[in-house]
Amino acid sequence: MNFTGKTAISTGAASGMGLLFAQSFASLGGNVVMCDVNEEVLNEKVAEINILNKGRAIGVVCDVREYAQVCAARDKAVEVFGRIDIVANFAGGTAVRMRKVDRSEYPEFPDVPIDVYDWGIDVNLKGPFYFAHAVLKQMRKQKSGLIINIGSITGQEGDGYGIDYPTSKAGLMFGLTKSIAQFGSPYNIRCVCISPGPVLTRTNMANMKTLVGRAADPQEIIDLCLFVASDKGQFINGENIMIDGGRNAMGRWK
Ligand SMILES: NC(=O)c1ccc[n+]([C@@H]2O[C@H](COP(=O)([O-])OP(=O)(O)OC[C@H]3O[C@@H](n4cnc5c(N)ncnc54)[C@H](O)[C@@H]3O)[C@@H](O)[C@H]2O)c1
């Protein structure tokens, strides 16, 4: 695969899969716009990519919950690289974990302050929605583009406590991805959702069962994203692809 001359925006790019996507895309010659709220780590990671002298990286501090910041990230990408070929929406996570909610204090869903769930829905669902609305203006002009949403097995399974997360991920996996694919078809724009099971960006994900008996190495998820973005992946569109070691087929064995 070679992404020379292509530009990708990766959100949540200071850590985990958003970072790995940016590193992998740049190692294959592409330019990356790395968006995150963690400015210090973001700047460090951007510099590490640029030292390698392959594809070029820039960092944009961008809270995906803020539409004006999302538009500013889009404008920066076009100003520096002239185009946007791919947007990969990695920023996300379960609000009760990301916001460090103490379950002994807030034992059940209705006990958790609503602003925690607001955060989850805003980052996981509204962020990708905002990015789609902002970058499709540019992609429509170019008559090309790809948006990769990142769903989750939890979007299919549900979760009785971190309810913002499956609600948002299901929105990406089905409604948003198919809708953007429909809008995009006259303009040669695709939209694909990639939905992992447990991924070892955190060691405790190893506890989640799968049919293959392990969690994913993050690179396995990124390799699928890169395939979808590559010349060989052009027929994949409007689809939610589970990459979960068969967890979605486990049924009562879970
Ligand atoms: N790790 C897993 O097992 C797993 C499984 C299924 C799906 N996913 C999904 O994959 C994606 C990446 O997961 P990860 O484990 O690599 O994540 P991670 O926690 O390592 O990284 C998330 C990044 O998002 C950034 N971020 C948080 N809020 C933001 C905001 N408002 N605006 C911009 N950036 C923000 C954080 O600073 C962080 O750098 C997430 O959407 C997650 O829901 C992960």
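Is the crossing of helix 3 and helix 5 left-handed or right-handed?

Tutor: The model is a predicted one, and in it the crossing of helix 3 and helix 5 is right-handed. Helix 3 covers residues 67-81, and its axis lies 9 Å from that of helix 5, at a packing angle of about 35°. On the side of helix 3, the residues that meet helix 5 are Tyr 67, Val 70, Cys 71, Arg 74 and Val 78. Their partners in helix 5 are Tyr 130, Phe 131, Ala 134, Val 135 and Gln 138. Sorted by class, this contact holds eight nonpolar residues, one polar residue and one charged residue.

Helix 5 also packs against helix 7. Helix 5 spans residues 114-142 and helix 7 spans residues 164-184; their axes are 9 Å apart and the angle is about 15°. Angles under 35 degrees count as roughly parallel, and helix 5 and helix 7 are therefore roughly parallel to each other. Helix 5 passes helix 7 in a right-handed crossing. Helix 5 contributes Tyr 117, Gly 120, Ile 121, Asn 124, Leu 125, Pro 128, Phe 129 and Ala 132 to this contact. From helix 7 come Asp 164, Tyr 165, Thr 167, Ser 168, Lys 169, Gly 171, Leu 172, Leu 176 and Ile 180. The classes here are ten nonpolar, five polar and two charged residues.

Another helix pair is formed by helix 1 and helix 8, the latter being residues 218-229. The axes of helix 1 and helix 8 come within 10 Å and cross at roughly 55°, and the two helices are therefore oblique to each other. Helix 1 passes helix 8 in a right-handed crossing. The contact involves Gly 16, Met 17, Leu 20, Phe 21 and Ser 24 of helix 1, together with Pro 218, Gln 219, Ile 221, Ile 222, Cys 225 and Leu 226 of helix 8. Eight of these residues are nonpolar and three are polar, with no charged residues.

Seven strands form an open sheet in the order 3-2-1-4-5-6-7, with parallel pairing. Its edges are strand 3 (57-61) and strand 7 (240-243), each of which pairs on one side only. From one strand to the next, the twist averages 20°. Helix 1 packs on this sheet and touches strand 1 (7-11), strand 2, strand 3 and strand 4 (86-89), while its direction makes about 165° with that of strand 1. Helix 2, residues 39-51, lies across strand 2 and strand 3 and runs at about 170° to strand 3. Strand 2 and strand 3 are themselves paired in the parallel sense over five bridges, and Val 32 stands opposite Ala 57 in strand 3.

Helix 1 (16-27) and strand 2 (31-36) each supply at least two residues of the shell around the ligand, and helix 1 gives the most, with three residues. There are 28 residues around the ligand, of which Gly 12, Gly 16, Ala 91, Gly 92 and Thr 201 come nearest. By class, the shell divides into 14 nonpolar, ten polar and four charged residues.

Technical notes. Residues are numbered from 1 along each chain as its sequence is written. This is a predicted model: local features need pLDDT of at least 70, side-chain atom pairs count only at pLDDT 80 or more; totals for chains, interfaces and linings use all residues. A residue is near a molecule or strand if its C-beta atom, placed from the backbone, lies within 6 Å of it. Helices (H or I, at least four residues) and strands (E, at least two) are DSSP runs, numbered from the N terminus. Ala, Val, Leu, Ile, Met, Phe, Trp, Tyr, Cys and Pro count as nonpolar, Asp, Glu, Lys and Arg as charged, and the others, Gly among them, as polar. Two strands pair if DSSP finds at least two bridges between them. Axes are lines fitted to C-alpha atoms, for helices over the stretch in contact, and angles run from 0 to 180 degrees between N-to-C directions. Two residues are in contact if their C-beta atoms, placed from the backbone, lie within 7 Å. Angles under 35 degrees count as roughly parallel, over 145 as roughly antiparallel, 65 to 115 as roughly perpendicular and the rest as oblique. A crossing is left-handed if the near helix is turned anticlockwise from the far one by less than a right angle, and right-handed if clockwise.
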